[in-house]
Amino acid sequence: MMPDLGKYADTVLSSYAVSIALIVILVVMSVLRADKVKKQLDVIEKKLKSNG
Amino acid sequence: MNSFWEYANPKKFIQTTDKVLPWVAVLSLVLLVVGLIWGFFFTPDDYKQGSTVKIIYLHVPSALMAINVWMMMLVTSLVWIVRRHHVSALAARAAAPIGMVMTLIALVTGALWGQPMWGTWWAWDPRLTSFLILFLFYLGYIALWEAIENDDTAADLTSILCLVGSVFALLSRYAVNFWNQGLHQGATLSLDKEENIADVFYIPLLVCIAGFVLLFIALVLLRTRTEIRARRMRALLARERMG
């Protein structure tokens, strides 16, 4: 049940598409980097612990 | 007051945010989905602006966040300058990309909205121009952190840049009132019932604003934890290299 956006449909839809895409990219990049850095730190800490 | 500064301890910060972060993230997602669906599907067209009024649910919250994220960075930068707490400097670093994306959303949605309403994508209007400068400040701030190897030096210099940029963040907020000219209208939200937008648009807008604020909190907590871990990693690697 898409609302009738009339002659401004392109304007409204592109605003939503660009904004949601930018937010999703920001969230995904933040989560991926958080995961990567956590794993890297765990490896380094384990290595240093095993080296004494 | 002592208990507040406990969170400047990286370990305590990570322990506390472990519990808080999932709740904030879920709540922000719920509010954003509800607010945007409400605004997009269940609000009427404006008698002057037609369906473009639906852009308000993205444009206003992102513009508010663009300015307020910089203000948060100002506070944490001042805490760094005065108290030398690493977590506060890292929180400012973590917030900058979020603020940059919010500013970009405000600029893009503003241009898309402006074209049919004003007949132009862009004008050198006080508010638009100050927002563009704020966006450039975000880019410069992020680049400065990346360019300097020593974390403390980077925190010092970016804090100074943040102080300077605060002028433009404030200018972005009050530019319309200062100059009272240009295409951009005054504040969308007002305590004056006469000036404020109609409730049918206002309530879903408030839900969207709450969603954006919580999204920012969730992201800044997540990213600050990452910066704390990255800093620890750099310190451990440096210690290992020195033998």
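Guide: Start with a term. A crossing is called left-handed if the near helix is turned anticlockwise from the far one by less than a right angle, and right-handed if the turn is clockwise. Keep in mind that this is a predicted model.

Now look at chain B. Its secondary structure comes to 7 helices and 0 strands. Read from the N terminus, the elements run α-α-α-α-α-α-α. The C-alpha atoms of chain B fill a box of roughly 70 × 35 × 30 Å, taken along the principal axes.

How is a pair of helices described? Two packed helices are described by the angle between their axes and the distance between the axes.

Take helix α2 of chain B, residues 10-41, and helix α7 of chain B, residues 199-241. Their axes come within 7 Å and cross at roughly 150°. That angle makes α2(B) roughly antiparallel to α7(B), because angles over 145 degrees count as roughly antiparallel. Which residue classes make up this contact? The contact of α2(B) with α7(B) has 26 nonpolar, 6 polar and 3 charged residues. Now apply the opening term: α2(B) passes α7(B) in a left-handed crossing.

Helix α3 of chain B covers residues 56-83, and helix α5 of chain B covers residues 126-147. Their axes come within 11 Å and cross at roughly 45°. That makes α3(B) oblique to α5(B). The crossing of α3(B) past α5(B) is left-handed.

Now turn to the empty space. Rolling a probe the size of a water molecule over the atoms shows where empty space is left. How many cavities of 30 Å³ or more does a search of the whole structure find? The search finds 1. The largest cavity has a volume of about 40 Å³.

Which residues line the largest cavity? They are B:W80, B:H86, B:A89, B:L90, B:W145, B:D151, B:D152, B:A155 and B:R231. Two helices of chain B, α4 (86-118) and α6 (151-179), each supply at least two residues of this lining. By class, the lining of the largest cavity has 5 nonpolar, 1 polar and 3 charged residues.

α2(B) and α7(B) are roughly antiparallel. α3(B) is oblique to α5(B). The crossing of α2(B) past α7(B) is left-handed, and α3(B) also passes α5(B) in a left-handed crossing.

Technical notes. Residues numbered from 1 in each chain as written. Chains lettered and ligands numbered in written order. Predicted model: local features only at pLDDT ≥ 70, side-chain atom pairs only at ≥ 80, totals over all residues. Heavy atoms only, no water. Axes fitted to C-alpha atoms, helices over the stretch in contact; angles between N-to-C directions. Helix = DSSP H or I, 4+ residues; strand = E, 2+ residues; numbered from the N terminus. Parallel < 35°, antiparallel > 145°, perpendicular 65-115°, else oblique. Nonpolar A, V, L, I, M, F, W, Y, C, P; charged D, E, K, R; others polar. 1 Å grid on protein atoms, 1.4 Å probe; cavity = no way out; pocket = protein on both sides within 12 Å on 5 of 7 lines; lining within 4 Å. Points joined across faces, edges and corners; volume = space filled by probe spheres on them.
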